[in-house]
Amino acid sequence: MLMRKVICYMLLCLAASLAALRAEAQELRIGADFTTLFDNKEYSSMSYDDSWTLFSARLTPKVGVAWAECNELMFAVDMVQDFGSSAKFLSDVNVQLYYGYRSPRLRLMAGIFPREEMRGLATPLFFDRDYRYYNNRIAGVLARYEGKSSDRSFVEFAFDYTGMRNFDTREAFMIMSAGEHAVRGFCFGYDLMVGHYAKDDNPATDDGVVDNILATPYVGYDVTAGGFDIALRLSYVQSLQRDRHFENRWLAPLGGELYCSISRWGVTLSNRLYLGDSLLPHYDRYGGELYHGTPFYRTTEGIYDAITASYGGSFFHDTVAVAAGITMEYDGTGWGTRQWLQVSVALDYGISLERKRDIVE
């Protein structure tokens, strides 16, 4: 019944926007996003990830048209330069092109749009920081319905098509969903990803087809006491995975994760503790092509712990954001550290336009 209401609301909003298109003014939207990220991993004494350093910058100029208050059609170019890269001009270039519908309760996206449009799947279990940096786009669709502004309640669905099958590329896509409902500081919700990773057409690299399902229902509590913001999250982690070519049987690793944090003045101290099975049983065969989260969740020692001290702040009317921190991590075999610094700039401008109209005699 709830899903039927959500779908009806979406259709009514789209119909209303199309009806208003002929009467509403249009707006030219231009802007640019910039991000530079330093991410240094020192894991020499650990067993489940390697030490390396990411130091890179990305500039995304964008232009588009908005109309009927809620609609937008945008085009952007992602230009990435890895520091120290041997590339003569840019390390990588990608495009964003998408239609967006934005209202106080509904968000619809179609095309290739920024990953930050999705609220859910924000933990490193699903996507690590370096993956989010280099794969900052979703190619597909997104739909989200949000509750009143006084709470954080929402439910969303997204489809991300990341690989078109040909001779040297695997077919890959992810179906993602997330939701949360909050009542007087308490919240409960879920994150869900259904992944499909298929073989390519090259017999020399035929490694089969992998189904990868991961669900994390959770409960939590947020409170402000003495000027400090305190957050607690307890998640049940359940995975279902099958490699049809090699084992052709379902594996069901599971575990639990406790996250707690305390924040004030932009400074946050947090701890993320996972206890349970190795959640990445096919990592040695497929690695980061199949799994996009932190590799430490493949630990066979039954524990992964991350203690983080970080700072985050925004300046100049929220156009510039700075985030920095250090994490001490334990994978059951040793301790390591990870330090990062990220500076982001977001500039958006709108210029009113008058739509050309046909002259009727």
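**View 1. Thr 268 and the residues it touches.** Not counting residues up to four places away in sequence, Thr 268 touches Ser 261, Ile 262, Ser 263, Thr 308, Ala 309 and Ser 310, where contact means heavy atoms within 4.5 Å. This is a predicted model, so local features need pLDDT of at least 70 and side-chain atom pairs count only at pLDDT 80 or more, while totals for chains, interfaces and linings use all residues. Residues are numbered from 1 along each chain as its sequence is written, and side-chain values use heavy atoms, with hydrogens and water left out. Look for Thr 268 in strand E15, residues 267-276; helices (H or I, at least four residues) and strands (E, at least two) are DSSP runs, numbered from the N terminus. With a relative accessible area of 18%, Thr 268 is buried (buried is under 20% relative accessible area, exposed over 50%, partly exposed in between, with a 1.4 Å probe and protein chains only). The side chains of Thr 268 and Ser 263 are joined by a polar contact of 2.8 Å. That term stands for a pair of N or O atoms within 3.5 Å; within protein, one must be able to donate a hydrogen and the other to accept it, and residues adjacent in sequence count only if both atoms are side-chain atoms.

**View 2. Two edge-to-face aromatic pairs.** There are 16 aromatic pairs in the structure. Rings of Phe, Tyr and Trp (its six-membered ring) pair if their centres lie within 6.5 Å; planes under 30 degrees apart count as stacked, over 60 as edge-to-face and the rest as tilted. Phe 38 and Phe 55 make an edge-to-face pair, with ring centres 5.1 Å apart and planes at 75°. Phe 38 sits in strand E1 (residues 26-42) and Phe 55 in strand E2 (residues 52-67), so this pair ties together parts that are 17 residues apart in sequence. Phe 38 is partly exposed at 28% relative accessibility, and Phe 55 is partly exposed at 38%. Tyr 197 and Tyr 286 also pair edge-to-face, at 5.5 Å centre to centre and 75° between the planes. Here Tyr 197 comes from strand E9 (residues 186-197) and Tyr 286 from helix H3 (residues 283-286), so the pair ties together parts 89 residues apart in sequence. Both Tyr 197 and Tyr 286 are buried.

View 3. Tyr 43, Tyr 274, Phe 296, Tyr 297 and Tyr 304 form one aromatic cluster. Asp 49, in the loop between E1 and E2, has Tyr 43 and Phe 296 among its contacts, along with Lys 41, Pro 295 and Arg 298, leaving aside neighbours within four places in sequence. Asp 49 is buried, with a relative accessible area of 13%.

**View 4. Two arginines over ring faces.** Arg 264 lies over the face of Phe 228, at 5.0 Å from the ring centre. Arg 285 does the like with Phe 246, at 4.0 Å from the ring centre. To count, NZ of Lys or CZ of Arg must be within 6 Å of the ring centre and within 35 degrees of the ring normal.

**View 5. The nonpolar cores.** A nonpolar core is a set of buried Ala, Val, Leu, Ile, Met, Phe, Trp, Tyr and Cys residues joined through side-chain atoms within 4.5 Å. The largest one has 37 residues, and Leu 121 and Met 176 have the most contacts inside it. Elements giving two or more residues to this core include strand E5 (106-114), strand E6 (137-146), E9 and H3. E8 gives the most, with four residues. Leaving aside neighbours within four places in sequence, Leu 121 is in contact with residues including Phe 126, Phe 127, Met 176 and Leu 192. A second, separate core of five residues includes Cys 70, Leu 106, Leu 108 and Ala 143. Cys 70 counts as buried at 17% relative accessibility.

**View 6. Arg 129 in helix H2.** Arg 129 is found in helix H2, residues 129-134, and is partly exposed, with a relative accessible area of 25%. Neighbours within four places in sequence aside, Arg 129 is in contact with Leu 37, Asp 39, Arg 338 and Trp 340. Arg 129 and Thr 294 are 165 residues apart in sequence, but 8.3 Å apart in space, C-alpha to C-alpha.
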